[in-house]
Amino acid sequence: MKTTVIRADPWLFLALLALLAVPAAAAEVDEIVRRAEEPFTLQRVYSVSEMSIYHGNQPAKTVEFESYSLTSGGVTRSLLVYTEPLRMRGTAYLTVGDDLWVRFGLTGRVRKLSSAARRGSAGGSDFSYEDLGEGSGGISESYRISLLEERASVDGRQCFEIELVPAPATDSTYDRLVAYITRDSYRYVEIHYYESGAHTKTLTLSDYREVGGMDYPFFMSMRTHASRTRTEIVAETVEPDSDAVRESMFTPEYLESL
Amino acid sequence: MSGNHSKRDQFLGKWGRWAATRWRASIAIAIGVTAIMAVGVSMVRPEFTFYSIMPTGSEKVRDLKTITETFPAASSIIVVVDGDGGARARVTSAIDALEEELRNPALSEYVAHVYGRMDMEFLTEHGLMLTDAADVRRLANANAEPGLVPFFRSLNDDLEREYAGNEASLADDEELVIAQFEALEQLLAMVETAASGEEVPADQIRTIVNRYLVGDGYLLNRDNTMGLLFIEPTFTINDVGPMVNGIPELERIIQARADELGVTTGLTGFTVVGKDEAVTAEQGLATSTTIALGLILLVIIVAFRMFSAPLICGVPLVIGVVWTIGVAGFVLRRLNIMTAMYMVALLGLGIDYAIHMLTTYRQERDAGADFADAVGAAFNKSGSGVLTGALTTAVAFLALQVGESPIVRELGVVAGSGVLCELIAMFLILPGLLGLRNHRNAKRGRAESRLLRRVSPGATLLGGLGGAIGKRPLVFALVMVAAGAAISTQASDVEIEGNIMNMEAKGLESVELQDLMVEEFSMAPDFLSVTTTSLAELRSLSEELEELSTVEMADSIIPYLPAEDETTERAREIRRLWRIVAEASVPDNVDAGSLAAEVDRLWMNIVEMADLAYFSDMDRLFATLNRIVGLDADGQKVAETPIDRLPFALESTAAGELAGFQERFAGAMRAMLLSMANPEPVTLQMIPERVRNSYVSPDGNRFLLNIIPKQNPWEPEFRSIYTTQVESVTDRATGMLLAADQMFTIARVDGVRAAIAALVVIFVLLLLDFRNPVTAIVTLLPLLLSFGALFGFMALTGIKFDFINILAVPLLIGIGIDDAVHINHRYLQEGPGTISTVVGKTGTALLLTSVTTIIGFASFIPSIMRAMRSSGIVLSLAMALAFLFSVLLHPAVLVLIREKLGIRLEPWRLRT
């Protein structure tokens, strides 16, 4: 008897499986990112942080600042006031939506900055205002998300590898971001930033502690690969729903009164 | 002697006997082959230029050649003039004096052009046509009402509009802003002088106004203590002779003049680095190479007790090299830097074959064999080992064909065929020369040499060692495996050198000045470039490239050659400015109160700009602005400056006091603006020669765009990002940096690939040779441990792999395997219980080959060039490790397996 054996092409099978899995994967990745971003959607947050800038491994500059943030009516407001060093004491940056103002500590004058300035370095650090000032929707608010890898490894931790590409009509410095979220606890541990095809910066998040019922990273380090500089932000105090945060703080007039 | 001679051994024995007794025929064959190879040699094109290491046929390499040959500025020698903390004037006058010195026609052999500063005449005539229309409009409005108060008011308006809170804008204009603020600092001092009632000479005012509007054309560092001078040489990095002679000559002249001027100077730029590399590669090596050669000759004479031994080894060795070059000529048509360098290693490999044959010959003669029998026995006993060893080494090199970079694949062809050429030359010529020597001795009635008859180097010691291994094989095996494994645990930490500047001599001035240029002048001396024949494409490329985060600036003719629509718009604004400035009248007096208020406002603007500069690490600007307002880095008041004193001085200034100064100031401003207000379109022919030479080909058809990076591009991490970003805009960018990528690829990818491929192919060869998988696996063990120990040692001592010392990988595979193969063959021939004889006899040859090779490679160690030194260390160490594991571990493992465990090592035979 003649037997015909049909051999299934494993690649074709996997491709079909992937096609079937797309809607489920899309829903899953949204959920992964939503859970990872919960701590970044805290409301009315007051924090005190120390920011250290390193050139190579040498500490170059350390600044301290207080930060106030508030989201209401769909608009994110944040105020960052430098307390150290002496040179920067009283210098403050106010962000309301896409608008940015600066108050200079030594002169006391307030200036409104162009929207292009949001792409610039925040206080000479490796963070840009764009990196720091993401809206209440979290890091992924302005990005299209897709799952690259189910089981990537970062320092021995099993992570989801997720690609974030700027949504159409979004004005972003970056071509794309690749984020690593732990599989067991849904925490961001690393984000890679790509500009013009090159991996230019890496954000590392750690020292997660419970704040307002959520895990919040008390340590963030942004490394700029091209300049071999690194900025570490260590949060000393993080207070959600803080009384220190008042609606009246987020105006240029308040900046002038500082 | 227990005989276990294969047909191959017997054939080789017969061959050796024939070639020695028919020495005329063997030498005649060698001469015939050499004559054929001479044709190949004549076809070889020596390419020892910088380009020879880059991919042949690559469009980028062709572009780079075009750039180097077409744009002399691409080969510029940069002279860093250091005023040793002295005043700005000392630096600028030194630059002028050096420029004059270098323009001396006597130096025209080496100097095509020299530039110490910008062509100020061109800027004075066409400055406004090179300025954005919006800025021309602002300048016109600011000068509608000439005078001190409107000047400072308009300046403050500009600062607040343009820079307030905007670090990015400030960073883009840092150099320009610094130049303007330095001029402003002097202007404030002049106003203060005038406010105190003193007269300020008109020419001083004119100088400062001109400097404020167009700068003074010098390229200085942040505190004006250093400046740059550019020499366009008549040669490029590929003209090795003129480069090596010309640069030191220029250096000497510059140094002598600098001493007279009280400044210090240093030279940099890729041409200078290239010269330093060519010079330092040889420095420190002459003595060590001579000593090494002498030692090797001595070892050979003593070991073989023949004064003619160096000649008997050396002639086939050199002929083997000639044949190798001939093969390279037939196959590749060229020798590049790397394949030429390999010829030295080939001498080291080839002499090993001679040593093995001569050692056995000597041993047989000492045992009483006559000449022909001794040569036959040498080929019979050592020929197989040499043959297999040479084939494995050749395969290890031929495995480089899997490399990514063409230069490595070329090396594979030349090195692989070179080993085979050396093998054939040795098998053909060495017995022939021994026959010739024997014939001459017989003719003269001389017996075998009595030289050093009592000396038997190494044999006794190694025989004793072999005996110890035979008695305690497990101890030797365990100790060696444990030691190898322990060091190997560190092997994964070995790094690859990605910065080729770290391969140069330590403390090399031309390399150190590259970092200084980035720090002090925000200018990297090396960069990628792209050429185009279209100005429109040049413009769009410039715009796109300047958006990249790693690009400081897109440097091209574009700022000097505005587009047609820009020219039309600027011409309109320039005509408007001309009318406004020409018609404006200077007021009779100065409102001191308003002026004081504007000076106060200026103080605040400068402080705020300094804050932004602080945040953005613009150190030069930060220092300049702090100096003007008298603040230290913490913002504390540390000095009183004209900007502080002026408002107070103005309080007591009489109404008409400043009117005279204002009139001269406004007059100078008016004269300069009207001079610059030229609406005539700028054409290529109008542009200063220096600028044209830098960016436009001599036929005017091709334009060069230099993509200046923000950091030193030799740093591998930065270079990777920079090149990736540039490639996102254009795939045609080229530069000397490509060489760095090429070298990094060689070290990172090709070394590993070649090692894996070589190990696989060698394993197959061993299987074919020994026809026993156990023997094949056992033979690989010492090699693998040698690798692990070498990498571990490198990791522990911080020695990195680079594109030169990576040659140790195929060499170690080839030689490491050879040692074990020789022991295998002898052990299988001699039979069980003979390990003492095997180690004593074969070990002596291995010791001699290792000693001569190590002496040769160790002669690189005194080199001041770090790449040569590390190659010397790595290659010597690799050879020493291969010897130790082959002589101490491999015999122990053979004894354990064959004699203790009873596992067959002999070749498997098919049952019939």
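Chain A of this predicted model has a mean pLDDT of 81, with 84% of its residues at 70 or more.

The secondary structure of chain A consists of 3 helices and 13 strands. Of the 258 residues in chain A, 47% are buried. When contacts in chain A between residues at least 6 apart in sequence are considered, 42% of them join residues at least 24 apart.

In soluble globular proteins, nonpolar side chains tend to be buried together. The largest nonpolar core in this model comprises 309 residues, and those with the most contacts inside it are B:Phe152, B:Tyr342, B:Ile557, B:Leu595, B:Leu658 and B:Phe661. Helix α33 of chain B (residues 866-900) gives the most to this core, contributing 19 residues. Apart from this core lies another, of 15 residues, which includes A:Tyr68, A:Leu94, A:Val110 and A:Val245. B:Leu595, one of the residues with the most contacts inside the largest core, is in contact with B:Leu148, B:Val149, B:Phe152, B:Val191, B:Val590, B:Leu650 and B:Leu658, leaving aside its neighbours within four places in sequence.

Helix packing in chain B can be followed through two pairs. Two packed helices are described by the angle between their axes and the distance between the axes. Helix α15 (residues 337-366) of chain B packs with helix α32 (residues 835-858) of chain B at an angle of about 155 degrees, and their axes are 9 Å apart. Because angles over 145 degrees count as roughly antiparallel, α15(B) and α32(B) are roughly antiparallel to each other. The crossing in which α15(B) passes α32(B) is right-handed. Among the residues making this contact are B:Ala345, B:Gly348 and B:Asp352 of α15(B), and B:Thr849, B:Thr852 and B:Thr853 of α32(B).

B:Thr853, which is found in helix α32 of chain B, counts as buried because its relative accessibility is 5%. Leaving aside neighbours within four places in sequence, B:Thr853 is in contact with B:Gly348, B:Asp352, B:Ile815 and B:Met879.

The second pair is formed by helix α31 (residues 808-830) of chain B and α33(B), which pack at an angle of about 30 degrees with their axes 9 Å apart. This angle makes α31(B) roughly parallel to α33(B). Their crossing is right-handed. Helix α33 of chain B holds B:Leu875, a buried residue with a relative accessible area of 3%. The C-alpha atoms of B:Leu875 and B:Ala345 are separated by 10.0 Å, although the two residues are 530 residues apart along the chain.

B:Gln725 has its place in helix α28 (residues 716-727) of chain B and is buried, with a relative accessible area of 0%. Not counting residues up to four places away in sequence, B:Gln725 touches A:Glu195, A:Ser196, A:Ala198 and A:Thr200, together with B:Leu548, B:Ser549 and B:Thr550. B:Gln725 and B:Leu548 are 177 residues apart in sequence, yet 6.7 Å apart in space from C-alpha to C-alpha.

Definitions and conventions: Residues are numbered from 1 along each chain as its sequence is written. Chains are lettered from A and ligands numbered from 1 in the order in which they are written. This is a predicted model: local features need pLDDT of at least 70, side-chain atom pairs count only at pLDDT 80 or more; totals for chains, interfaces and linings use all residues. Side-chain values use heavy atoms; hydrogens and water are left out. A nonpolar core is a set of buried Ala, Val, Leu, Ile, Met, Phe, Trp, Tyr and Cys residues joined through side-chain atoms within 4.5 Å. Buried means under 20% relative accessible area, exposed over 50%, partly exposed in between (1.4 Å probe, protein chains only). Helices (H or I, at least four residues) and strands (E, at least two) are DSSP runs, numbered from the N terminus. Contact means heavy atoms within 4.5 Å. pLDDT is the predictor's confidence in each residue, from 0 to 100. Axes are lines fitted to C-alpha atoms, for helices over the stretch in contact, and angles run from 0 to 180 degrees between N-to-C directions. Angles under 35 degrees count as roughly parallel, over 145 as roughly antiparallel, 65 to 115 as roughly perpendicular and the rest as oblique. A crossing is left-handed if the near helix is turned anticlockwise from the far one by less than a right angle, and right-handed if clockwise.
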